[in-house]
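How is this protein put together, and how do its helices pack? Take a look at the model first, then read on.

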Amino acid sequence: MFSKKYSVEQIKSLPPEFFLLVINRAKKYLKNNEVMQRICKEHKQSVEIIDLIPTMFADLDVSAKTDHGIVLLNYKLLCDGDFFKDYMYLIHEYSHYFQQCWRDKPTYGSNKNYLDNEFEQEGFQNQVEFMSEEFGEEQAEKYVDHLLNHHKIHDKQEKKLKKDELMMKA
């Protein structure tokens with residue numbers, strides 16, 4: 001969609017107001033999204049709580065993560081000039097926000113087999129559902145295939161099982 005590429009250094013040199021604007025635009029969009037509304041409803045929260053979820057950009061070795069209820073997004077997501085396609089990461093991380101902040105007991109972190117973690121599975125299922133609704137089931141399926149390859153899931157039976165699990169809401 002966008003042909004302009006920016007370096008991480010260029011992105012990081014932008015004023016803090018820019019990052020706030022980008023995050024607030026995403027939150028406004030997500031408040032009207034059915035997947036995000038369902039996630040909020042499942043946790044008995046108004047969708048307006050999205051405005052209160054601490055969200056910021058940071059230097060990360062992954063696309064995004066949630067640490068103690070704070071959502072962190074990689075600056076690299078902004079380098080292509082198209083942050084809309086990355087709202088899927090917010091769906092995933094906001095799922096973790098609710099898991100971490102609105103449950104009766106703590107979540108457990110990712111272990112060696114990341115995709116076997118029930119909390120990650122829920123985040124990915126919500127993310128894939130969002131992708132399917134916004135960009136089509138084919139794009140969601142491509143993402144799941146990429147994810148499984150990235151995590152070195154090569155056994156055909158295990159791959160099919162994981163793919164079905166991650167695509168279940170799509």
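The radius of gyration is 16 Å in this predicted model. A compact globule of 170 residues would have a value near 15 Å, so the protein agrees with that expectation. Along the principal axes, the C-alpha atoms fill a box of roughly 50 × 40 × 30 Å. Buried residues account for 45% of the 170 residues. Take the contacts between residues at least 6 apart in sequence: 60% of them join residues at least 24 apart.

The protein has 7 helices and 3 strands. Along the sequence they follow the pattern α-α-α-β-β-β-α-α-α-α.

Now for the helix pairs. Two packed helices are described by the angle between their axes and the distance between those axes.

| Helix pair | Angle | Axis distance |
|---|---|---|
| α3 (residues 34–42) and α5 (residues 118–135) | about 150° | 9 Å |
| α6 (residues 137–150) and α7 (residues 156–167) | roughly 135° | within 10 Å |

Angles over 145 degrees count as roughly antiparallel. Therefore α3 and α5 are roughly antiparallel to each other. From α3, the contact uses Glu34, Val35, Arg38 and Ile39; from α5, it uses Asn126, Glu129, Phe130 and Glu133. By class, that contact has 3 nonpolar, 1 polar and 4 charged residues.

What about α6 and α7? They cross at roughly 135°, which makes α6 oblique to α7. Their crossing is right-handed. Residues of α6, including Glu137, Val144 and Leu148, meet Lys159, Lys162, Lys163, Leu166 and Met167 of α7. This contact has 6 nonpolar, 1 polar and 6 charged residues.

Key:
Residues numbered from 1 in each chain as written. Predicted model: local features only at pLDDT ≥ 70, side-chain atom pairs only at ≥ 80, totals over all residues. Heavy atoms only, no water. Axes fitted to C-alpha atoms, helices over the stretch in contact; angles between N-to-C directions. Helix = DSSP H or I, 4+ residues; strand = E, 2+ residues; numbered from the N terminus. Parallel < 35°, antiparallel > 145°, perpendicular 65-115°, else oblique. Left-handed = near helix turned anticlockwise from the far one by under 90°. Contact = heavy atoms within 4.5 Å. Nonpolar A, V, L, I, M, F, W, Y, C, P; charged D, E, K, R; others polar. Rg over C-alpha atoms; globule rule 2.2 N^0.38 Å. Buried < 20%, exposed > 50% of the residue type's maximum accessible area, 1.4 Å probe, protein only.
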